Amino acid sequence: MGAVEDTKVRSVLAALTLLSLLSHTNGIAEGPGAPRPVLAPGPKSAGRHHRLKRGWIWKQLFVPEEDPTPRVIGQLKSDSDRGEFGIQYILSGEGAGDAFEIDEYSGEIRTLKKLDREEKAFYVLQAQAINRFSKEPEEPQSEFIIKVQDINDNAPQFHNQPYVASVPEMCPTGTTVVQVTATDADDPMFGNNAKLIYSILQGEPYFSVEPKTGIIVTSWPDMDREAKEQYLVVVQVKDMLGLSGGYSASATVSVSLSDINDNGPIFQHHLYTFAIPEDAVVGTTVGRVKADDADIGVNAKMNYSLQVDLEENATFTVHTDPLTQEGVVLLAKPLDYETKRRYVMVVEAVNEEVDPRFLPPDEFSDRTTLKIMVDDVDEPPVFLSPLYEWKVAENAAAGIAVGVVSARDTDAANEAVRYSFDKHNKAAKSFRIDPLNGTITLTKPLDRETSAWHNVTVVAKESTQKRLSSSVLASIKVLDINDNAPQLAGRYQPYICEGTQAGELIQLLSATDPDEPSEGHHFYFSMVPDKHINPNFTIRDNQDNTAGVVARRSTFTRRERSRYLLPVVVTDSGSPALSSTTTLTVSVCSCRPAGHCPSGGVAALALSMGVSPQTFVTLLVCLLVAAASSVVTLLLWRRRRKQKMARKKAGELELPDTVSQKVLHYAQVGRDPPFVPLRPHPRRRERRLAREEVRASIRMSLRESHLVGPEDDVFRQFILDRLAEADADPLAPPFDRPTTYAYEGSGSSAGSLSSLESGGGGGGERPAPALKSTWARLSPWYGGGGEEDTVF
């Protein structure tokens, strides 16, 4: 720290000396660039020479950083200042009043505190000179800069620490490891304060560093990772190019050597010995062998194998544990102490990755001897077969022998063995086993259709105190016999169209049988034998387990018959042969153009009613028209009650000769006849009349659907029905009006029957009798005894 403080003092003194030299211009202690005062002209030169004013011009001033002592760094002076303190100097801008102040009388600029260049390198200020009395500016405002001069007060610093690097082992000299970088906050443009230089403090002779760049390189050949893997390198950086009085810093770099495959595997032992009991199951781990490899990662991976020239290798296998790189020896076949008690093998370990640049290929492998001893154990009985399978007919009686199981004790004692079924095996209820000789017999007949296979577990147990046991699976297949009759494959619903021709196929039949004959199913289809041949249908056997129902004639109609019953016999090919009879119901259908029988909707409903779909649709249309006509008639009838009665010319009404007509004649007595008053009729009568009109309209619509004319009897009867209804209703208006009938016929030779055309006299008509009422009352309308007035 003494050297650093000495350096700072020297820097401050040098700066002060420079400022002193610059401030002695014209005998005034001014700062560099201070304005020089304007000299007033002498008496001798007055009137001859006028010295020009050079202006209020300033240059930058300098102040050393980190100087705690307030000092004058320069002076501002106006040309108008005569030393009478009439000029006031004002300082403004960055740092004015805080870091700098100005003497308002002399213009001297002083520092107020210690400045740090790294915090702020320069200050921009404004100077102004005004008349103290008039407050008028003596000089225009001028801007100048105060620059903070740098001193070496910052040490260099390393970035991105800590440094970690890696290089391959055995790499050549000069291999780049990593580059370290340091910075200095001092001014790099002023002296050597920020000029850095790097050097190695620790890590030689393995590593070196470039002095100017900080790049670390290897300087030792053939560095071996297996000998030393990690290196610690300490790098130092100094400012001022390493000269005395500068600052320094250090950084640590951790360098590791990455592995290359320059070592082969080596077994720790030349002989490995293991023991395994003879009852060990296949897949049991016998032991582990390990070959060491000085390399790591991929270079240390290896594969283990057993030499193929030894016969023992078939009993055992070896594979590599990927985590520990050990060879795991496994049992591949069952062992038998009485057959073989010792196994000797050779195990080889070979690297997966081989790099011939460093070692020959044969050095990437190693071998060792493996000896395995088999230990004797008391073993359970062993069945002579690992699986038993027998066959038995499903009609076999109880007590029939199915098969025999056999087991023996393989130990030297050769103990006796007893047999039994596993108590958890439900299928064993149908069988019995002899505990001494292992014979299995039936306890009841078996049904193949219920269960085609029966699996039982047989247990063989030693008679010794340990009572070791083993088990085996015995499978019994139940052979099929023909004990089920065939049936049709589905619930057939055949139908025949009315237009079907003789010989056409109506229904294709197939059959099923739960039995499974050895040669496969073969079904025969036929009809029930009868004395007479069925005139309607026949069965055609296709000889492929299907048959077709074929029509024998072409005259099927629903009017004649809607259903036929057809018994079908299905016979199998078993021995003895079995058969079944199924009765099919063949429906007669009015098929659609596509050829199928409707199963719902209007067509199906029509067929169920015994009529054709076309007729049924026609009836529906007629009913709809009749309903519409009834509604219209009812509305017109109500409207007629409210309209005024007017005399109109009546049309002709043509009636049959057999029907007498009642005609009303109306006479005029001086004026037009008034309207006929209508009596209000009850609701019950109104509803009855409405129902009668609806029925009449329906009858009319149905008869009109047959396209009848006025000459037809049906139309004549319709007119008579309407006339009878009008006669029976005394409250209805006269029906000899043109608006009464929608259709009055095509004409008549008798002329019009309407009384509207009758005159007051002339012709053959009788004059109307004089009545008190303005209307003529005819006795036939009211049941009088006079003759009916008929006009033709």
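For the protein, the mean pLDDT is 75, and 71% of residues reach 70 or more.

This is a predicted model, in which local features need pLDDT of at least 70 and side-chain atom pairs count only at pLDDT 80 or more, while totals for chains, interfaces and linings use all residues. Residues are numbered from 1 along each chain as its sequence is written, and side-chain values use heavy atoms, with hydrogens and water left out.

The structure holds one disulfide, a pair of cysteine sulfur atoms within 2.5 Å. Its partners are C497 and C591, with sulfur atoms 1.8 Å apart. The disulfide is left-handed because the torsion about the S-S bond is about -85°. C497 belongs to strand β35 (residues 495-497) and C591 to the loop between β41 (579-589) and α2 (601-608), so the pair ties together parts 94 residues apart in sequence. Helices (H or I, at least four residues) and strands (E, at least two) are DSSP runs, numbered from the N terminus.

C497 counts as buried at 17% relative accessibility, whereas C591, at 22%, counts as partly exposed. Buried means under 20% relative accessible area, exposed over 50%, and partly exposed in between (1.4 Å probe, protein chains only). C171 is buried at 6%, and C622 is buried at 9%.

Methods: pLDDT is the predictor's confidence in each residue, from 0 to 100.
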